[in-house]
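Dear colleague,

Please read them alongside the sequence and the model.

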Amino acid sequence: KAKRQLGDNKIYYGEYAANIILKKNTTIKDYNKWKTALAESVFLLGIEKNADVVEMCSYAPLFNLVTSLQWTHNLIDFNPKTYIENANYKLQKLFATNTGNEYVPFEGKLKKGVYLSETKRGNEHYIKVVNVSKSDELMEIEIPFAAKSFEIITLGGDLNARNDLEYFGNPKYEIEEKSEAREFNETITFDAKRGKVYVIKIREE
């Protein structure tokens, strides 16, 4: 953690978003790609690690009518018939629904470009891993308590993948979320693929 002189003051990060570099030939199809959500995941891990001073954060923009160009990077797009959860929304939801109220310090070394954060709420532990390095990474996380099993959730897609919705039509999802239950045996081992986000849920017995 960086040195801070805040006293009793708290921090609120308002209206954040990771967007692409704007160019003359940028179109609406260039926004809300998975790589922007991946960047936001690293930012959110930093917020978790500094939760003692970061009281709140909020994302913007939120809603957007398909084909509207006032705001071109949004969490949720909609047309007259339906809506779609963009890659950035999928990431926000994964983090918001899998977080504790107490940060657990991590002891160990991580490869450059691999980030980890652990929180817990009572006996429920949530370990988040993000790999933005140039290669896959074998993760071996030692757990200092007894448990019967754990769940590992994977979110991601190609870096340029995006969930798409036309003005007339139904949602087309390219960002995939998978969940798998595994037996626990002292160490959690898994292959952290490049460009993926992982959430490990484990209950302390």
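The side chains of Asp 191 and Lys 193 come together in a salt bridge, with 3.1 Å from N to O; by salt bridge I mean a side-chain nitrogen of Lys or Arg within 4 Å of a carboxyl oxygen of Asp or Glu. Please bear in mind that this is a predicted model, in which local features need pLDDT of at least 70 and side-chain atom pairs count only at pLDDT 80 or more, while totals for chains, interfaces and linings use all residues. Residues are numbered from 1 along each chain as its sequence is written, and side-chain values use heavy atoms, with hydrogens and water left out.

Asp 191 is partly exposed at 35% relative accessibility, and Lys 193 is likewise partly exposed, at 37%; here buried means under 20% relative accessible area, exposed over 50%, and partly exposed in between, with a 1.4 Å probe and protein chains only.

Lys 193 also meets Asp 136 in a salt bridge of 3.5 Å, N to O. This pair links distant parts of the chain, since Lys 193 sits in the loop between strand S12 (187-192) and strand S13 (196-203), whereas Asp 136 sits in the loop between strand S8 (124-131) and S9, 57 residues apart. Strands are DSSP runs (E, at least two residues), as helices are (H or I, at least four), numbered from the N terminus. Asp 136 is partly exposed, at 37% relative accessibility.

Glu 137 and Lys 111 form another salt bridge, at 3.8 Å from N to O. Glu 137 belongs to strand S9 (residues 137-142) and Lys 111 to the loop between strand S6 (102-104) and strand S7 (114-121), so the pair ties together parts that are 26 residues apart in sequence. Both are partly exposed, Glu 137 at 22% and Lys 111 at 30%.

The structure holds 13 salt bridges, and Lys 29, Arg 162, Asp 164 and Glu 166 are linked in a network of them.

Finally, Leu 62, Phe 63, Leu 65, Phe 78, Tyr 83, Tyr 167 and Phe 168 form a nonpolar surface patch with about 720 Å² of accessible area together. Patches are made of residues with over 30% relative accessible area and no salt bridge, like charges being joined within 9 Å and nonpolar side chains (Val, Leu, Ile, Met, Phe, Trp, Tyr) within 5 Å; accessible areas come from the Shrake-Rupley method with a 1.4 Å probe. Phe 78 lies in strand S4 (residues 76-78).
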